[in-house]
Every structure is written in structure tokens, then in C-alpha cells.
Amino acid sequence: MTADPNCIFCKIVAGQIPSKKVYEDGELLAFHDINPWAPVHVLVIPKAHLATLADAGPEHAAMLGRMLALAPRLMSELGVVNGFRTVINTGPDGGQEVYHLHMHVFGGPRPWKRG
Ligand code: AMP
Ligand code: ZN
């Protein structure tokens, strides 16, 4: 599995940094965001390091589809019943801060801190 030793999310995948996991399989990991914007705010990531969505190619299509398909299941399991928001920030102008591909999933009753 591709990993970047300097990447914080690769360290979470490796268990070197703790996280509040909500889902894990061979390819994907989901955990609570450390600085939530909404009552429920989870991040879904591929376990293999991929810096941004801009680095994805056709070979990543199945993994990206699985990330998206996981969102409704996680929100349902976390008690989100009234809709949710999915966001992938990409690159500097996209507001990306952590350069390991991740999808934010926000839910829960409004108002939210942001978003
Ligand atoms: P982005 O701006 O899309 O790159 O978002 C990065 C997200 O990662 C932010 O919402 C951070 O709060 C979150 N984050 C950073 N470090 C951690 C961590 N150790 N555990 C959980 N979430 C984190
Ligand atoms: Zn990484």
C-alpha cells in the first residue's frame, strides 16, 4: 500500500496517530474530523496515499465510487436523518489543507459552525 511517511492521514491509517474510526475496510477508512463544522463531520479516505482528487485517474474510479457510496450508509449509522453534505477540497484554490485525498461528510441539525 502506498504511504507517505510525512502524511498525517497515512499515519492515521497506520495507527501512529489516534482517530475516532467509524468505518474501515481493506481500501477505505472513515473517522471523525478533529475540528467538526457540523454535529456530525466525518472524513472518508482511501488507505493508499493519493495527494488530491486532481491526481486521480480512471484506475481510481471504483475507489472514488466506493467513497461516495459509503456516505449515506455512514450518515444513517450515525443517526443523520435529514440530509447531509459531501465536500472534496482540491488543491490550494480548493482550500485543501491535508494533502491526502479525503471526502468530508457533514450532517446533523443546523445551525452548523461552518458550511
Ligand atoms: P481540508 O481543508 O479539506 O484539507 O480538510 C482537512 C481536514 O482534516 C480539516 O477539517 C481538519 O480538521 C481535519 N484534520 C486534520 N488533522 C486531523 C486529525 N488528526 N484527525 C482528524 N481530522 C483531522
Ligand atoms: Zn497520505
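A polar contact is a pair of N or O atoms within 3.5 Å; within protein, one must be able to donate a hydrogen and the other to accept it, and residues adjacent in sequence count only if both atoms are side-chain atoms. Keep that in mind for the first view. This is a predicted model, where local features need pLDDT of at least 70 and side-chain atom pairs count only at pLDDT 80 or more, while totals for chains, interfaces and linings use all residues. Residues are numbered from 1 along each chain as its sequence is written, chains are lettered from A and ligands numbered from 1 in the order in which they are written, and side-chain values use heavy atoms, with hydrogens and water left out.

**View 1. Backbone atoms meet ligand 1.** Look at Glu97: one of its backbone N or O atoms lies 2.6 Å from an oxygen atom of the ligand. Val98 has a backbone N or O atom 2.9 Å from a ligand oxygen. On its own, ligand 1 exposes 510 Å², and the protein buries 87% of that (Shrake-Rupley method, 1.4 Å probe).

**View 2. The shell around ligand 1.** There are 16 residues around the ligand (a heavy atom within 4 Å), and Asp33, Asn89, Glu97, His102 and His104 come nearest. Helix H1 (8–13) gives the largest share, 3 residues. Helices here are DSSP runs of H or I with at least four residues, strands are runs of E with at least two, and both are numbered from the N terminus.

**View 3. Ligand 1 takes up the largest pocket.** A pocket is an open set of points on a 1 Å grid over the protein atoms alone, where a 1.4 Å probe fits, with protein on both sides within 12 Å along at least five of seven lines.

**View 4. A cis peptide bond.** Here Arg110 and Pro111 are joined in cis, with omega about 10°. Pro111 sits in the segment after strand S5 (103–107). Most peptide bonds are trans.

Key:
On a 1 Å grid over the protein atoms alone, a cavity is a set of points where a 1.4 Å probe fits but cannot get out, and a pocket is an open set with protein on both sides within 12 Å along at least five of seven lines; lining residues have an atom within 4 Å of a point. A molecule sits in a cavity or pocket if more than half of its atoms lie within 2 Å of its grid points.
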